[in-house]
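Here are my notes on the model, as numbered points. They cover the salt bridges and the chain–chain interface.

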Protein chains: 2
Amino acid sequence: MHSDPGGAPDRSRFGDLLAARVAERRSQVVLGIDPDPSLLWPEALAGSTEGSAGERAAAAVERHCALLIEAAGPACVACKPQLACFERLGEPGWRALAATVSKARAAGLLVLADGKRGDVPVTARAYAQALLGATPSPFGEVPGLGVDAVTANPLMGADALEPLVAAARATGAGVFVLVRTSNAGAADVLDLALADGRPLWEHLGDLVRSLGAPAGSGLADVGAVMGATEPGHLARARELMPRAVFLLPGVGAQGGRVEDLAPAFEPGRAGGLVTASRSIAEAGAKQGGAPMPDAARAEAERLREASWSLAG
Amino acid sequence: MHSDPGGAPDRSRFGDLLAARVAERRSQVVLGIDPDPSLLWPEALAGSTEGSAGERAAAAVERHCALLIEAAGPACVACKPQLACFERLGEPGWRALAATVSKARAAGLLVLADGKRGDVPVTARAYAQALLGATPSPFGEVPGLGVDAVTANPLMGADALEPLVAAARATGAGVFVLVRTSNAGAADVLDLALADGRPLWEHLGDLVRSLGAPAGSGLADVGAVMGATEPGHLARARELMPRAVFLLPGVGAQGGRVEDLAPAFEPGRAGGLVTASRSIAEAGAKQGGAPMPDAARAEAERLREASWSLAG
C-alpha cells in the first residue's frame, strides 16, 4: 500500500494513515458489514435470477453491501467485513467479499478484515498472504485481499501473531488483537484471574503493547479489540496500551453506548474506532417503514456525531 | 450426515462414527493438507496453462491434494485441510478446497476443516453454516462445506463455541477445541498460571469436558487439540477430559514422536488422532530422489503402524 522508494521502509505507518483518514473524514465510525442473506435490504434482492442458490445469494449480498457502503459509508472512516458471512456462501461468497473490498476502497474507506485468525507460525503466514500480502507460486504471485487491517486471536501466543504483524507492517497495515471482547462469554476465559491477580485480558494487553510499533502520530500499528459493552475496562486498558488503537465493537445492538468510550480517545481522535453493524444496517427495519438506505445513513451519521463530539 | 427418520435424533454420534472408521481403516492417522503453491509435487504442476496466477495455482493445488489423498489416504482415517492455505488463493482457492473435500470423501476419509474459528455467537453461527450446515437465503439453502469436524478457538468463551457444537451435533460431526497447541508460543498464554494454580490450558480442558456429549463408544463429540510436542501434558489432559478425542498435531516436522502419545489412547484406539502434514507431503523431498507419492505413502503407513501398535 505504501512504498518508500529510495529510503528505509517506514515500519509503522498504520497509525499515521488512520489518524489522517479520521481527520479527513471527521469520523471514527467503522461500518460493520455482516450480510445475512435472510436480512438483506429489499433493494438488493432484485435481479438475482440465474445460477445456484449460492450464486444468487452472493450476488444479492454483493448488491446489499454496495448499497450499505453508498448509504452509510460517507459517515464512516472504515468498514469491517465479517469474513464468516461471506465464507458461508462458498466460492461465490469469496467473490462477493473481494467486490465489497473494492467498493469500499473506491468509496474512500479503509478496510478491516474481521476473521479473528490465529494459528501456528507457518499457517499465520498463509493467513497473512490471504489478507495482507500475496502468495508466491510457480505461476506468479497470487494477490491477497489487500486490506488495511485484520483482527487476530492471541490465544496461541506471540509466534501466532508475529507473521500477521510483520506482513501488516510491510504494507502499512494494522492488526487488531482480541483483548476483551463484547460477548457475554468473554467472561469465561478473558476475565480469568491469573496467579498475579490480574485478569487474562490485561496480560493480552501487555502482549499488544509489546508487539506494536508507534508512528509519528503516536498511534501504534497493533491495536486492541475492546468490547464497548464493558466500558469500565477502558481506562485500565488505556493505561496498559497507551498507544494502541481500540477497535470498539458492541455499540448499538449489543448494548454499548458511545458516551462511555472516552478513555479510548485519550491518544487522539483516532485512538478509538466505534464499530457498529446491525444497528446501522437494520435501522430501517426497527423504525418500520423508513427506506433502509436512509435509515442506515441517519444512524451512521448519528454515531459519527456522537463519537466526534465526545473526542473533541 | 446422519438422519434418524422416525426416532429422536441421536445427539452424540461423532464419537461412534469416528470409532467405527478407526476400526475399519485400522488407522488413527489424520493427513494434514496444507498446500503451499511453492512446494507442490512436480506431478501436480503440469497442465495449468490458462487463467490468472490464482486460477493456475489453485488448479495445481487441487491436483496436488488429489495426488496426496490417493497416495497417503489409504493409511489414514481422516484428512485435515488447512483453510488458510486455500483462502490465500482467493475465489479459485475456495473452489479447490471444495474439490479436495469431495475427493477425500470419495476416498473414504473423514474431513476435519482446520480453521480454528472463534467469534461472537451470531458470527459463530455463520461459521457453523459455512463449514457444517447450510445458510438459508431467499433463493434456497446454500450448502456449506459439509465436513465431519472443525477446529475451534475457545478464547472468547463458551458462547463462541456453542453454535459450532450445536451445528456439529445436529449433523453427527465433531468440534476440536484448542487446549494446548504445538507451537512454541503456546507457552505465552495457554501455560499462564491462573489464580487457582493451574495453567490456563487445564481450564480450557474443563470447558471441553463440559461441552461434549458422549456416544455409545464412550467418546464425546467435543475433542481437544493437544500438541504432540508436549507429551508430558497428555496424562493430565486425559484426567481432565476422559472422553474427549485428542487431535495431536506436531508429529514429525514439529518434533513430536508417536511413541510419547500413549495417554491419548486410553479411552480406545479412536481416543487419539495423530496428525501429520509436512512430514508426509515432503517425505520425498527429504529423501531426495524418491517419487513424492511413494515417499508420502510410505511415511503415512509408517505413522499408521507406529500409532496402531502403540494403542493395541
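1. Start with Arg236(A), which is partly exposed because its relative accessibility is 29%. The model is predicted, so treat this as a computed value. Arg236(A) forms a salt bridge with Glu202(A), with the closest N and O atoms 3.0 Å apart. Arg236(A) sits in helix 10 (residues 234–240) of chain A and Glu202(A) in helix 9 of chain A, so the pair ties together parts 34 residues apart in sequence. Glu202(A) counts as buried, at 9% relative accessibility.

2. Chain B has a salt bridge between Asp148(B) and Arg105(B), at 3.3 Å from N to O. Asp148(B) lies in the loop between strand 5 (142–143) and strand 6 (149–152) of chain B, while Arg105(B) belongs to helix 5 (residues 90–106) of chain B; the pair therefore links parts 43 residues apart in sequence. Asp148(B) is buried, with a relative accessible area of 1%. Arg105(B) is partly exposed, at 35%.

3. A further bridge in chain B joins the side chains of Arg297(B) and Asp294(B), at 3.2 Å from N to O. Both residues are in helix 13 (residues 292–310) of chain B, and because they are three residues apart, about one helical turn separates them. Arg297(B) is partly exposed, with a relative accessible area of 41%. Asp294(B) is also partly exposed, at 42%.

4. Shared partners matter for the bookkeeping. Salt bridges join Asp196(A), Arg198(A), Glu202(A), Asp206(A), Arg209(A), Arg236(A) and Glu239(A) into one network. Over all chains, the search finds 44 salt bridges.

5. Now the interface. In contact are 68 residues of chain A and 68 residues of chain B. The area buried between chain A and chain B is about 5,500 Å², and carbon and sulfur atoms give 64% of it. On the chain A side, Arg88(A), Phe139(A) and Leu155(A) lose the most area to chain B, together 15% of what that side buries.

6. Which charged and polar pairs cross the interface? The rule finds six salt bridges between chain A and chain B. One salt bridge joins the side chains of Asp119(A) and Lys116(B), at 3.1 Å from N to O. There are also 28 residue pairs in polar contact across the interface.

7. Several elements of chain A give two or more residues to the side that touches chain B, including helix 3 (53–72), strand 3 (110–117) and helix 7 (158–171). Helix 6 of chain A gives the largest share, seven residues. By class, this side of chain A has 35 nonpolar, 19 polar and 14 charged residues.

Definitions and conventions
Residues numbered from 1 in each chain as written. Chains lettered and ligands numbered in written order. Predicted model: local features only at pLDDT ≥ 70, side-chain atom pairs only at ≥ 80, totals over all residues. Heavy atoms only, no water. Contact = heavy atoms within 4.5 Å. Buried area = accessible area lost by both parts, 1.4 Å probe. Salt bridge = Lys/Arg side-chain N within 4 Å of Asp/Glu carboxyl O. Polar contact = N/O pair within 3.5 Å; in protein donor to acceptor, adjacent residues only side chain to side chain. Helix = DSSP H or I, 4+ residues; strand = E, 2+ residues; numbered from the N terminus. Nonpolar A, V, L, I, M, F, W, Y, C, P; charged D, E, K, R; others polar. Buried < 20%, exposed > 50% of the residue type's maximum accessible area, 1.4 Å probe, protein only.
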